[in-house]
Protein chains: 2
Amino acid sequence: MTASTVLDEAELLERHGVLPSAQRLAIAQYVLRTDEHPSADQVFAKVKRALPMVSRATVYNTLNLFVDKGLLRAHVLAEGKVVFDPNLAPHHHFIDEETGAIHDVPWSALAVSNVDALEGFDVHEYQVVLRGKLK
Amino acid sequence: MTASTVLDEAELLERHGVLPSAQRLAIAQYVLRTDEHPSADQVFAKVKRALPMVSRATVYNTLNLFVDKGLLRAHVLAEGKVVFDPNLAPHHHFIDEETGAIHDVPWSALAVSNVDALEGFDVHEYQVVLRGKLK
DNA sequence: ACGGACCTTAGACTGTGTCTAAAGCGAGAC
DNA sequence: GTCTCGCTTTAGACACAGTCTAAGGTCCGT
């Protein structure tokens, strides 16, 4: 019954079947709260400040583990990079062509019609990817 | 006035400001006719059969040149790979989750509403990316 | 022939991501 | 308290995509 606005990361990991560890908590505390759409190496750089001895393999393994366990989603949007996104709700993406920055676009801001009527495809998920300039 | 159903690749390159060469023609003959959405290394492998001494740098340079000159489009859709697509008309993409194969979806098969009304974004282009199984 | 512009080549280099072998750590059994 | 088992972490090697460089080749006008 103890309602809390602060997430208990350790409990969150356990609830998703991930055994907590110091490294996994440090990674979780950054990547599950950010809206920066970081790549794996950006996560690595960030986490290294809090935990300087962490290895690159651990960060990659942990991010992939989080994706497997449904804590994160991976998107292939920018030039040759996989980015991670803790926003699990379906949403669209806008890519700033000048900076490469990725912005979330709420699902309700756009509507795609006829997805269910596509011939020959059994669509499991979809999103609109937009590119342009910030106004 | 000589209408022709067979494309003259050399003339096509010239019309787009690309000086033809044996290597560029071999690459064009494959990549401008395929619907396989090949990656650069797949193009390299394919072209090597026709022209065994061709170098990887030439294939990469040529593909990027074709994109610059408007003969091809590059898409970042699959796991960490850039794929090339001679279909220049706007269209959507369906990714088979089982095989990773990419299929074109005609622009007219789907409709996205409200793109112009997005707050804060000046959208230059967009597409719908769908994932699922083939029916 | 010569020269210049452009193209191609092999291989080195960079960056991203995966794998491996060994060491570390935590929790339960004794 | 310590042993041991299973899981995690580590450093570094590896694999792969893509770019760059330096050198040589080709074509064409003169």
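Which element gives the largest share of the surface near DNA strand C? I looked this up before anything else. The answer is α4(A), with four residues. I note that I am working on a predicted model.

**Entry: chain A in outline**

I began with the fold of chain A. I found four helices and six strands in chain A. I then read their order from the N terminus, which is α-α-α-α-β-β-β-β-β-β. I also looked up the extent of the chain. The C-alpha atoms of chain A fill a box of roughly 50 × 40 × 30 Å along the principal axes.

**Entry: who surrounds DNA strand C**

Next I turned to DNA strand C. I found 17 residues around DNA strand C. The closest are Ser21(B), Gln23(B), Arg24(B), Ser55(B) and Thr58(B). I checked which part of the strand faces the protein. Sugar and phosphate make up 70% of the atoms of DNA strand C that come within 4 Å of the protein. I sorted the residues of this surface by class and got eight nonpolar, five polar and four charged.

I went through some atom pairs. Arg56(A) places a polar side-chain atom 3.0 Å from a base nitrogen of DNA strand C. Tyr60(A) has a polar side-chain atom 3.2 Å from a phosphate oxygen of DNA strand C. For Met53(B), I noted a backbone N or O atom, 3.0 Å from a phosphate oxygen of DNA strand C. Then I listed the elements that give two or more residues to the surface near DNA strand C. They are α3 (40-50) and α4 (56-68) of chain A, together with α2 (22-31) and α4 (56-68) of chain B.

**Entry: α3(A) against α4(A)**

Both helices were on my list, and I wanted to know how they pack. At what angle do α3(A) and α4(A) pack? I read about 120°, with the axes 10 Å apart. The two helices are therefore oblique to each other. The crossing of α3(A) past α4(A) is right-handed. I looked up the residues that meet. From α3(A) come Ala40(A), Asp41(A), Val43(A) and Phe44(A). From α4(A) come Arg56(A), Val59(A), Tyr60(A) and Leu63(A). By class, this contact has six nonpolar, no polar and two charged residues. Arg56(A) and Tyr60(A) take part in this packing.

I moved on to DNA strand D. How many residues lie around DNA strand D? I found 16. Ser21(A), Arg24(A), Thr58(A), Asp41(B) and Arg56(B) come nearest. Of the atoms of DNA strand D within 4 Å of the protein, 73% belong to sugar or phosphate, and bases supply the rest. I counted classes here too: eight nonpolar, five polar and three charged residues.

A backbone N or O atom of Ser55(A) is 3.0 Å from a phosphate oxygen of DNA strand D. Asp41(B) has a polar side-chain atom 2.7 Å from a phosphate oxygen of DNA strand D. An N or O atom in the side chain of Tyr60(B) is 3.2 Å from a phosphate oxygen of DNA strand D. The elements that give two or more residues to the surface near DNA strand D are α2 (22-31) and α4 of chain A, with α3 (40-50) and α4 of chain B.

Note on methods. Residues are numbered from 1 along each chain as its sequence is written. Chains are lettered from A and ligands numbered from 1 in the order in which they are written. This is a predicted model: local features need pLDDT of at least 70, side-chain atom pairs count only at pLDDT 80 or more; totals for chains, interfaces and linings use all residues. Side-chain values use heavy atoms; hydrogens and water are left out. A residue is near a molecule or strand if one of its heavy atoms lies within 4 Å of it. A polar contact is a pair of N or O atoms within 3.5 Å; within protein, one must be able to donate a hydrogen and the other to accept it, and residues adjacent in sequence count only if both atoms are side-chain atoms. Ala, Val, Leu, Ile, Met, Phe, Trp, Tyr, Cys and Pro count as nonpolar, Asp, Glu, Lys and Arg as charged, and the others, Gly among them, as polar. Axes are lines fitted to C-alpha atoms, for helices over the stretch in contact, and angles run from 0 to 180 degrees between N-to-C directions. Angles under 35 degrees count as roughly parallel, over 145 as roughly antiparallel, 65 to 115 as roughly perpendicular and the rest as oblique. A crossing is left-handed if the near helix is turned anticlockwise from the far one by less than a right angle, and right-handed if clockwise. Contact means heavy atoms within 4.5 Å.
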